[in-house]
Amino acid sequence: MSSFLRSRRVSLMCIIAIVALLAAGAAWYYYYGYLPAQTSAAGETIQTARVRRGNLVISASGSGTLIPAQEMDLGFNSGSVLTEVLVEVGDWVETGDVLARIDPTALEQALIQAEADLTVVQDNLEKAENPYSNLDVIQAN
């Protein structure tokens, strides 16, 4: 009978060892697999909304300096007077669109002066190429 009890005791010990190993494995999975997944899912909040058509308006508030993503210089002289602005804030513009106009008076005067200077230089060039063209021919009597 003692061999029967002894074999039963060994079987019971094996069952207890298997249950202990299963419990240890379940505990390891719970602490290292299940709990981290639950805490990261709880930390992430997802906002949802019903889909609809319309304009997207984004606003920001706070203090600081705003820096544009792209900045372009306009081709105006520093002394020019702006006479007309053809676009408004928020208008869609493309390459080649006229955005504004300046007073052309100063530019027209500069063109007239440049044309006069060109005439003088052309006359001087003609005189330099033919230096004797202005001499009167003296006729011998």
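## Exercises on a predicted protein chain

The protein chain has an average pLDDT of 80, and 82% of its residues score at least 70; pLDDT is the predictor's confidence in each residue, from 0 to 100. This is a predicted model, where local features need pLDDT of at least 70, side-chain atom pairs count only at pLDDT 80 or more, and totals for chains, interfaces and linings use all residues. Residues are numbered from 1 along each chain as its sequence is written, and side-chain values use heavy atoms, with hydrogens and water left out.

### Exercise 1: the elements

Find the order of the elements, and say where confidence is lowest and highest.

**Solution.** 
- Step 1. Helices (H or I, at least four residues) and strands (E, at least two) are DSSP runs, numbered from the N terminus.
- Step 2. The chain holds two helices and two strands, in the order α-β-β-α from the N terminus.
- Step 3. Confidence is lowest in α1, with a mean of 80, and highest in helix α2 (residues 105-129), at 89.

### Exercise 2: the aromatic pairs

Which rings pair with each other, and how is each pair arranged?

**Solution.** 
- Step 1. Start with the rule: rings of Phe, Tyr and Trp (its six-membered ring) pair if their centres lie within 6.5 Å; planes under 30 degrees apart count as stacked, over 60 as edge-to-face and the rest as tilted.
- Step 2. The structure has two aromatic pairs. In one, the ring centres of Trp28 and Tyr32 are 5.9 Å apart and the planes meet at 40°, so this pair is tilted.
- Step 3. Tyr30 and Tyr31 make an edge-to-face pair, with 5.3 Å from centre to centre and 80° between the planes.

### Exercise 3: buried or exposed?

Decide how Trp28, Tyr32, Tyr30 and Tyr31 are classed by accessibility.

**Solution.** 
- Step 1. Buried means under 20% relative accessible area, exposed over 50%, and partly exposed in between (1.4 Å probe, protein chains only).
- Step 2. Trp28 and Tyr32 are both exposed.
- Step 3. Tyr31, at 53%, is exposed, while Tyr30, at 39%, is partly exposed.
- Step 4. For the whole chain, buried residues make up 1% of the 141 residues.
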